[in-house]
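Subject: A structure for you to look through

Dear colleague,

Here is the structure that I said I would pass on, with its sequence. Please open it beside this message, and then read on for what was found.

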Amino acid sequence: MKLTDPQVFEETYGLTLWQDIKSETSGHFRTTLKGLVMTEAQFLAEELRNAMSGWGTNEDTIINVLMLTIDDYETVQGIRSYYESLYEETLEERIEDETGGLLERFLLAVLNRPRYEESAAVNGTEVARDVADLKTYLVAGSVQKANIVDLLTSRSLTHLTALQEAYYQDTDQELYQALEDATGHHVQDALVSLMYASSDYSYYAAYELHRAMKGYGTDEGTLTRIIVTRAGRDLGQIKEAYKTLTGEELREDVRGDTSGYYRKTLIELIN
């Protein structure tokens, strides 16, 4: 969903639509409008840059952006291309500078995922082998975290869905719960997010929206990122998942956690 054609605006007024918006707005309202006038790849590339600029690194934002585009190979390539054109470094180089260890391993693997044929039939033998391998990797006291990351980031989403079902049938435990028990910190968040996003994308987005608004304070970055990029696509399904998850309407929770033009814009997108 876009406000207008940015190219037409530039030809008419002699400046980009984003330049005009930037000079007239501020804060979260400005970020929301930026997401509406830029392509998704451009917007998310700048979100990643902001997450890795200045003091500290916002690992949650990096994970969220990569999960939002986990099923969209073309957008991921667009993010990488736009990022490099703007900042004269590759996204991989920036991630290597700003993260480390297992999280870096995870992020780079997801960023470099090949284009999977998600409609292809899942190979049951390969799923069973992965279940056996994971059970070995997840043995308490000798958890092989690098092997877990390598396995889970190198499978198609449909394979991961089948894998989670098979793992539960074999162990009577959800795979995401086993990952929570065996890992920690940001790599735990990353792996669990991948499990959610692969099995039920709408639930993943709904969960992240709920987490952005529950408790003290609001994570406007996540709120904006999900609503802006999914509006006009699958936000209707996300709204239904949110209602199922929380018992509340997404629109009303957003209304209660935001204000001003920022609130009005998000509500319009949700409606």
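Glu46 is buried, with a relative accessible area of 13%, where buried means under 20% relative accessible area, exposed means over 50%, and partly exposed lies in between, as found with a 1.4 Å probe on protein chains only. This residue is found in helix H4, which covers residues 40-51; helices here are DSSP runs of H or I with at least four residues, strands are runs of E with at least two, and both are numbered from the N terminus. When residues up to four places away in sequence are not counted, Glu46 touches Lys34, Met38, Tyr82, Leu86 and Tyr87, and contact means that heavy atoms lie within 4.5 Å.

Please keep in mind that this is a predicted model, in which local features need pLDDT of at least 70 and side-chain atom pairs count only at pLDDT 80 or more, while totals for chains, interfaces and linings use all residues. Residues are numbered from 1 along each chain as its sequence is written, and side-chain values use heavy atoms, with hydrogens and water left out.

Leaving aside its neighbours within four places in sequence, Leu107 is in contact with Ile62, Ile63, Leu66, Ile95 and Thr99. From C-alpha to C-alpha, Leu107 and Glu40 are 19 Å apart in space, and they are 67 residues apart in sequence.

The next helix to look at is H5, residues 59-68, in which nine of the ten residues are buried, so that the helix is largely enclosed by the rest of the structure. The buried residues in H5 are Glu59, Thr61, Ile62, Ile63, Asn64, Val65, Leu66, Met67 and Leu68. They pack against H4, helix H6 (73-87), H8, H13, helix H14 (201-213) and helix H15 (220-230).

Two packed helices are described by the angle between their axes and the distance between the axes. Axes are lines fitted to C-alpha atoms, for helices over the stretch in contact, and the angles run from 0 to 180 degrees between N-to-C directions.

How do H5 and H13 pack, and at what angle? Their axes are 10 Å apart and the angle is about 20°, which makes H5 roughly parallel to H13; angles under 35 degrees count as roughly parallel, over 145 as roughly antiparallel, 65 to 115 as roughly perpendicular, and the rest as oblique. H5 passes H13 in a right-handed crossing, a crossing being right-handed if the near helix is turned clockwise from the far one by less than a right angle, and left-handed if anticlockwise. In this contact, Glu59, Asp60, Ile63 and Met67 in H5 meet His186, Asp189, Ala190, Ser193, Leu194 and Ala197 in H13. By class, the contact of H5 with H13 has five nonpolar, two polar and three charged residues, where Ala, Val, Leu, Ile, Met, Phe, Trp, Tyr, Cys and Pro count as nonpolar, Asp, Glu, Lys and Arg as charged, and the others, Gly among them, as polar.

With H14, H5 packs at an angle of about 155°, and the axes are 11 Å apart, which makes H5 roughly antiparallel to H14. Here the contact is made by Asn64, Met67 and Leu68 of H5 and by Tyr201, Tyr204 and Glu208 of H14, and its residues divide into four nonpolar, one polar and one charged.

H13, residues 185-199, also meets helix H10, residues 145-152, where the two axes come within 11 Å and cross at roughly 30°. The crossing of H10 and H13 is left-handed, and the contact is made by Ile148, Val149 and Leu152 of H10 together with Val187, Leu191, Leu194 and Met195 of H13. By class, this contact has seven nonpolar, no polar and no charged residues.

In helix H12, residues 175-182, the buried residues are Leu175, Ala178, Leu179 and Ala182. Seen down the axis of H12, they fall within an arc of 100°, so they line one face of the helix; the arc is that of the directions from the helix axis to the C-beta atoms.

Finally, His185 lies in helix H13 and is exposed, with a relative accessible area of 74%. Its phi is near 60°, a positive value in a residue other than glycine.

With best wishes
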